[in-house]
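Biologist: Could you take me through this one? I would like to go from the overall layout down to single residues.

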Amino acid sequence: MSQAFAHEEVVVRRGSRSGLPLIVAIHSRTLGPAVGGCRLRRYDTWQDGLADALRLSEAMTYKAAVAGLDFGGGKTVIALGKDTELTADLRRAALEDLGELIASLQGSYRTGPDIGTGPDDMVVLRRFSPYAHCAPVEHGGTGDSGGPTATGVLAALHAGARHVFGDASCTGRTVVVSGFGSVGSGVAAGLAADGAHVVVSDVDPLRKKAASASGYRWVEPGHALSAPADIFVPAAVGGVLSKATVPRLAAPLVVGPANNQLTEESVADALAEHGVVWIPDYVASAGGIVYALSRESEHYGHEAAQKRVEGIGATVSHILDLARSNGVTPQRAARQIAEARLVSAAS
Ligand SMILES: NC(=O)c1ccc[n+]([C@@H]2O[C@H](COP(=O)([O-])OP(=O)(O)OC[C@H]3O[C@@H](n4cnc5c(N)ncnc54)[C@H](O)[C@@H]3O)[C@@H](O)[C@H]2O)c1
């Protein structure tokens, strides 16, 4: 994150019902209302939660800009203390506090689920305003975003495969999917349908059972990165790609939904030097937000929203072409595309 204070607005409020620190960071509304999920988790200090909200809201600006959305970047953090017990009553009180805060922003910021919150929590927020996306379908939302996110990852993956292997199809290719959760399982199913050899990894032993029931091969998490493969899909936690882990990577193409895959920006250069094409995570993982905003805010039907999600493939091809012709990493090319949109909208 840059040193200058780049955010348009940051609200930090002690919830009147919950007593918890609520942070809504709005990085940019240059392209439209700010969007970004609501993170409810423990932090050592509330200031750590503030730092997270500042960093994540900036990333949302770039995610929305590259995805071609007319929305800006924001993020909510509800910061739990190290020893705070999150009872059902405290959770509801915090969500009611947040619902009131979001309503006061009058649509200039919209939220959705993130770590620690889910579609049911959006129902509580929607009692105060319509600006909470991905509530369950029976409550007027589009529900869990894992499916559309997986569709976007698959579109990005096929575009990456065309660039690296000269063929978008994954038939006969070996793909390691690290993290067999909501998005990873959808990506694995799409790849299997395309005739790929799918290898799955997860820290949860129950997921191992589910993976073998689906007929996938298994690799232990400690060996996922170095397992021989054509494509590696990070679909678990952030921070998997560092200067220390990049030399162990066996696959020449890395594309997946996990947020903040690089431990630091310069790892993008290390990946390129190691001969790996890395599709920036915020480009590959945009399917969920593209689908939810298209359906819930822009009133697209399912088919049209799905097509827009599949458009992530064309975005990735554009990024990779630009990277190749300008001799820069895909990370830098994606950033250039986002900045061009932001500069043109601001002028
Ligand atoms: N769900 C979405 O719409 C969405 C959108 C954008 C980005 N993402 C990101 O994509 C990633 C996956 O999201 P999800 O919704 O599928 O989450 P999830 O919680 O459903 O699944 C994550 C899986 O990863 C496993 N896991 C955790 N640590 C691991 C490790 N070290 N090695 C291997 N497996 C590990 C977990 O056991 C779990 O099964 C997350 O980083 C998330 O932030 C998700």
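Predicted model: local features only at pLDDT ≥ 70, side-chain atom pairs only at ≥ 80, totals over all residues.

Biologist: How many bridges join β7 to β8?

Modeller: There are 5 bridges between β7 (residues 174-178) and β8 (residues 197-201), and the two strands run parallel. Within this pairing, Ser178 stands opposite Ser201 in β8.

Biologist: Is β8 mostly covered or mostly open?

Modeller: Mostly covered, since 4 of the 5 residues of β8 are buried.

Biologist: Switching to the ligand, how many residues surround it, and which are the closest?

Modeller: The ligand is surrounded by 21 residues, and the closest are Ser145, Thr149, Val183, Asp202 and Ala236. By class, the shell around the ligand is made up of 8 nonpolar, 9 polar and 4 charged residues.

Biologist: What lies by the oxygen atoms of the ligand?

Modeller: A polar side-chain atom of Asp202 lies 2.6 Å from an oxygen atom of the ligand, and a polar backbone atom of Ala236 is 2.7 Å from an oxygen atom of the ligand. For Asn259, an N or O atom in the side chain is 2.8 Å from an oxygen atom of the ligand.

Biologist: How much of the ligand does the protein bury?

Modeller: The protein buries 70% of the 830 Å² that the ligand exposes when taken alone. As for secondary structure, the elements that give two or more residues to the shell around the ligand are α4 (146-165) and α5 (182-193).

Biologist: Now some single residues. Where is Thr76 found, and what does its side chain contact?

Modeller: Thr76 is found in strand β5 (residues 72-80), and its side chain makes a polar contact with the side chain of Tyr109 at 2.8 Å. With a relative accessible area of 0%, Thr76 is buried.

Biologist: What about Trp46?

Modeller: Trp46 has its place in helix α1 (residues 46-66), and its relative accessible area of 38% makes this residue partly exposed. Although Trp46 and Ile23 are 23 residues apart in sequence, they are 9.1 Å apart in space, C-alpha to C-alpha.

Biologist: Last topic, backbone angles. Which residues other than glycine have a positive phi, for instance?

Modeller: Cys134 is one of them, with a positive phi of about 70 degrees although it is not a glycine, and His299 is another example, with a phi near 60 degrees.

Biologist: Where do those two sit, and are they buried or exposed?

Modeller: Cys134 is in the loop between α3 (119-125) and α4, and at 8% relative accessibility Cys134 counts as buried. His299 is in the loop between α9 (287-296) and α10 (302-310), and at 66% relative accessibility His299 counts as exposed.

Definitions and conventions
Residues numbered from 1 in each chain as written. Heavy atoms only, no water. Pairing = 2+ DSSP bridges. Near = heavy atom within 4 Å. Polar contact = N/O pair within 3.5 Å; in protein donor to acceptor, adjacent residues only side chain to side chain. Areas by Shrake-Rupley, 256 points an atom, 1.4 Å probe, with all protein chains shown as cover. Nonpolar A, V, L, I, M, F, W, Y, C, P; charged D, E, K, R; others polar. Buried < 20%, exposed > 50% of the residue type's maximum accessible area, 1.4 Å probe, protein only.
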